[in-house]
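Open the model in your viewer and keep the sequence panel beside it. The stops below are given in the order in which to select them.

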Amino acid sequence: MTAVPLNPPRRLVEFTLDGEPARVPEGSTILDACDAAGKDVPTLCYGDTLTPKNACRVCVVEVEGSRTLAPACSRKAEPGMEVRTDTERARHSRKIVLELLASAADLSTTPRVAEWIKEYEAKPDRFGEDAATLNDGPKVDNDLYVRDLDKCILCYKCVDACGEQWQNTFAISVAGRGFDARISVEHDGPLTESACVYCGNCIEVCPTGALSFKSEFDMRQAGTWDEERQTETTTVCAYCGVGCNLTLHVQDNEIVKVTSPHDNPVTHGNLCIKGRFGYQHVSSGKAT
Amino acid sequence: MDLRFGDSKPTDEEKAAVDELLGPPASAWEGADDRSTGDLRWALGGRDARERRDLLLPGLHAVNDRVGWISEGALSYLCRRLTVPPAEAYGVATFYSMFSMRPRPSKVVHVCTDIACAAAPGADAFRADVEQRLGPAGQARDGVVWEPSPCLGLCERAPAALAIRAGQGCPSAAGPGAGAAEAASAPSPNGANGSANGANGSGPASPGVAREDAYATAVVAPATAEAVEAAARAPQDAPGEPGAGLAVPQAGDPSLKLLSRIGVVDPESLDDYRAHGGYRALRRAFAIGPAAVLREVTDSGLVGRGGAAFPTGRKWQATAAQPDQPHYVVCNADESEPGTFKDRVLMEGDPYALIEAMTIAGYATGAHHGYLYLRGEYPRALRVLTGAIQQARARGLLGPDVLGQGYAFDIEIRRGAGAYICGEETALFNSLEGNRGEPRSKPPFPVEKGLFGKPTAANNVETLVNVLTVLELGAEAYAAIGTGKSTGPKLFCVSGSVERPGIYELPFGATLGELLSLAGVTGDLRAVLLGGAAGGFVRGDELDIPLTFEGTREAGTTLGSGVVLALDSSVPLPRILLRIAEFFRDESCGQCVPCRIGTVRQEEALGRLAERAGGPEAATDIALLREVGEAMRDASICGLGQTAWNAVESAIDRLGAYA
């Protein structure tokens with residue numbers, strides 16, 4: 001059983017959400033309130049283990065009295081606030097954000113995005129055949145994971161996970177500016193010449209599959225990746241005494257990917273190279 | 001943090017450039033060649049090692065100014081010195097357009113292709129001629145490379161170019177004091193009326209450096225291709241710039257408040273400044289105390305002149321009231337809005353006024369340290385201000401005991417490096433702190449958590465200079481100038497199709513027609529761009545629009561930073577709109593999706609429209625522009641994305657572009 005840490009009770013904030021009264025603990029975001037009320041607000045750059053960067057702007061909502069739309073993921077609920085999540089204005093911005101992203105990046109492995117594109121009637125191909133795309137191609141420079149920056153939406157989550165919010169390795173950063181901005185190590189070199197420690201915590205938070213296990217990347221290339229056929233087993237990593245939870249994704253009796261539960265109080269979804277990538281010896285038959 | 005710096009080594013020159021800024025390395029941990037026994041016992045790390053992150057930008061400048069570009073070895077050495085992860089430093093260095101991470105010649109010339117210069121007669125022929133002489137943009141030829149540049153803030157003398165030659169004796173040591181002494185002690189090359197005026201080819205001559213090898217800059221405006229080529233090849237020999245007073249057609253008019261000293265006093269002489277009323281406002285501030293200064297500024301009705309029109313008194317009071325310490329004053333001199341050059345003229349023509357005003361701001365808000373974030377493309381302002389700060393310090397007008405009143409205040413200049421977005425105040429803080437110049441989300445607002453996370457009053461140059469007038473006249477008399485809601489005098493940057501382009505000072509409430517008749521419209525006025533690229537167009541017949549915040553708002557446009565760019569019918573509007581779109585695409589920081597990709601889609605659509613207006617396809621493109629524009633305005637993080645569609649929208653709706 002997982003121990004759930006209890007926080008001291010917090011005061012409640014009362015505000016109006018889509019015309020209905022809402023009460024959430026002080027410090028909660030509008031998104032928290034939407035989740036509690038069972039409203040489905042799309043998110044891409046939001047991460048449950050990270051401080052919101054509110055860069056993608058797909059979660060925008062209308063706040064009464066505010067000149068612009070507000071990102072639900074990071075705007076805190078304030079007493080008396082009047083929030084509308086489903087107005088024409090908010091839906092329009094979400095639609096355009098989806099169109100812009102899908103016209104520039106490859107969202108084929110982004111969960112739920114196809115559903116949202118349908119829901120918001122977004123037409124990513126309306127910008128014409130000559131619309132600029134990222135056009136980078138996958139970077140395969142090591143045996144553990146692949147950076148397919150064509151799929152990158154620049155959510156900053158990998159940078160935050162690698163840097164001050166979790167790993168403190170600072171191997172990657174956003175380089176360049178505007179449409180030319182890319183996630184990069186210094187001098188845009190290969191990972192093997194960077195400070196990367198291959199903890200894979202960037203893969204854990206990547207919302208689009210731009211960062212993926214080499215095993216997943218290869219299987220997708222070969223057309224053999226099939227999540228329907230995969231099972232997930234959560235266990236405890238045996239490499240050291242910390243006790244990290246591992247979730248092993250198994251397809252055809254082979255481990256194809258390792259994640260960690262985000263609500264695990266030990267890992268918060270983070271692992272080290274051994275937990276993340278050290279599974280290969282299980283399949284090699286030597287670990288008996 | 002376990003940093004990995006790689007094996008690249010800096011050259012001796014790169015190392016010297018960094019060491020000149022930071023001093024020699026204290027230990028092998030910081031990159032010293034010899035490892036001492038102490039180094040083996042004590043590791044450098046923790047907060048102390050990291051707290052100099054804000055010197056990253058000056059450090060990048062130091063290398064770029066000395067060598068012309070930033071190599072792997074140089075970046076890695078700088079990272080070692082400052083305990084900064086190389087990936088982050090690379091991210092910062094690649095954010096700014098004035099830095100190059102690839103080898104390039106030491107001589108770079110930035111040729112302005114922005115709206116005011118593009119609207120100047122013969123702009124196409126000029127560019128073609130530059131290309132013929134210097135080769136295609138971005139390609140080095142004969143040790144020179146030229147680059148198209150966003151607005152250089154020299155619109156009154158369009159077309160303009162800025163030549164920079166990397167070398168020794170660069171001013172980038174504008175870190176904490178270093179280099180400032182040198183700059184001040186450099187002999188003024190010209191006589192009384194503006195040693196600050198000529199002196200193109202700035203850069204204090206270091207002893208032992210040949211003049212041909214020293215760092216030099218040259219402003220060429222109005223430019224001919226021939227002059228650009230000459231300045232690019234030998235910036236030290238470029239003819240001097242005209243005095244700042246020449247940008248003020250009203251110079252000497254006794255009714256002027258903000259511009260009263262420009263073209264009248266020697267900008268490099270503190271005595272001249274004092275003889276013309278300088279430091280009266282600060283004396284009054286000390287006499288009435290900080291609370292009364294706050295009251296005066298609030299009662300005057302002064303609002304920010306950078307474009308957002310936020311009440312200055314409220315900003316200062318909110319900063320002063322914060323319990324968190326220390327407080328900071330930041331002067332936003334990153335003037336980059338296309339068509340804006342008022343802050344440059346103020347700084348070049350009356351630098352002590354800004355220093356005095358910042359001191360008053362510090363006194364009122366309880367700050368002891370002021371940062372002046374200056375645009376990287378303003379070499380003369382940098383030189384003049386560096387000298388002025390040095391003088392003020394030497395005369396006890398800055399330092400531990402200002403005017404003997406027991407109040408400590410000092411100012412540090414930090415240079416931008418080519419990024420429009422850094423004019424957004426929170427992006428400016430990030431840039432100053434050594435991070436990428438990306439805007440932060442608000443709240444929290446700067447008065448609460450600003451520079452280094454501390455309460456900060458950030459003001460534009462023109463706003464600060466207005467404070468002197470407020471204190472000299474008193475709040476009541478100041479508020480009597482202008483209209484009820486827009487008080488005081490206002491500076492307008494008039495350029496384009498006018499006889500006398502320049503900075504004009506008028507009380508709020510004058511109409512667009514009155515302003516343009518002062519400047520003398522040439523040709524048939526088709527349109528006027530108000531507020532720069534982030535502003536909006538009005539028709540040439542809308543001359544009775546009152547130039548106030550409320551008047552322009554009522555007329556469905558904006559005053560912005562005070563740009564008034566007149567366009568006659570010879571100027572091809574679709575090309576100007578395309579240039580505006582290119583500007584926003586280039587300058588978007590890339591943080592949020594609506595702006596990062598929206599500005600690209602906007603440019604693509606305007607490119608198509610420039611080729612073929614009319615027809616059903618054009619209507620589709622205009623509809624697309626509207627939809628994308630609306631999302632940029634509603635959902636972008638900061639003002640850049642929110643306003644990126646304004647000018648284009650106004651051109652379509654008001655001027656009937658593409659109709």
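Select strands S12 and S13 of chain A: they form a hairpin with two residues between them. In the turn, Asp252(A) has a positive phi of about 50°. The model is predicted, so local features need pLDDT of at least 70 and side-chain atom pairs count only at pLDDT 80 or more, while totals for chains, interfaces and linings use all residues. Residues are numbered from 1 along each chain as its sequence is written, chains are lettered from A and ligands numbered from 1 in the order in which they are written.

S12(A) covers residues 245–251 and is joined to S13(A), residues 254–259, by five bridges in the antiparallel sense. Strands (E, at least two residues) and helices (H or I, at least four) are DSSP runs, numbered from the N terminus; two strands pair if DSSP finds at least two bridges between them. Thr247(A) has Thr259(A) as its bridge partner in S13(A).

Next, show both chains: 42 residues of chain A are in contact (C-beta atoms, placed from the backbone, within 7 Å) with 39 residues of chain B. Helix H2(A), residues 88–104, gives the most to this side of chain A, with eight residues.

Finally, select H14(B), residues 312–320, whose buried residues include Lys315(B) and Trp316(B). Buried means 20 or more other C-beta atoms, placed from the backbone, within 10 Å of the residue's own. Among the elements covering the buried residues of H14(B) are H13(B) and H16(B).

Terms used
Contact = placed C-beta atoms within 7 Å. Buried ≥ 20, exposed ≤ 12 C-beta atoms within 10 Å, placed from the backbone.
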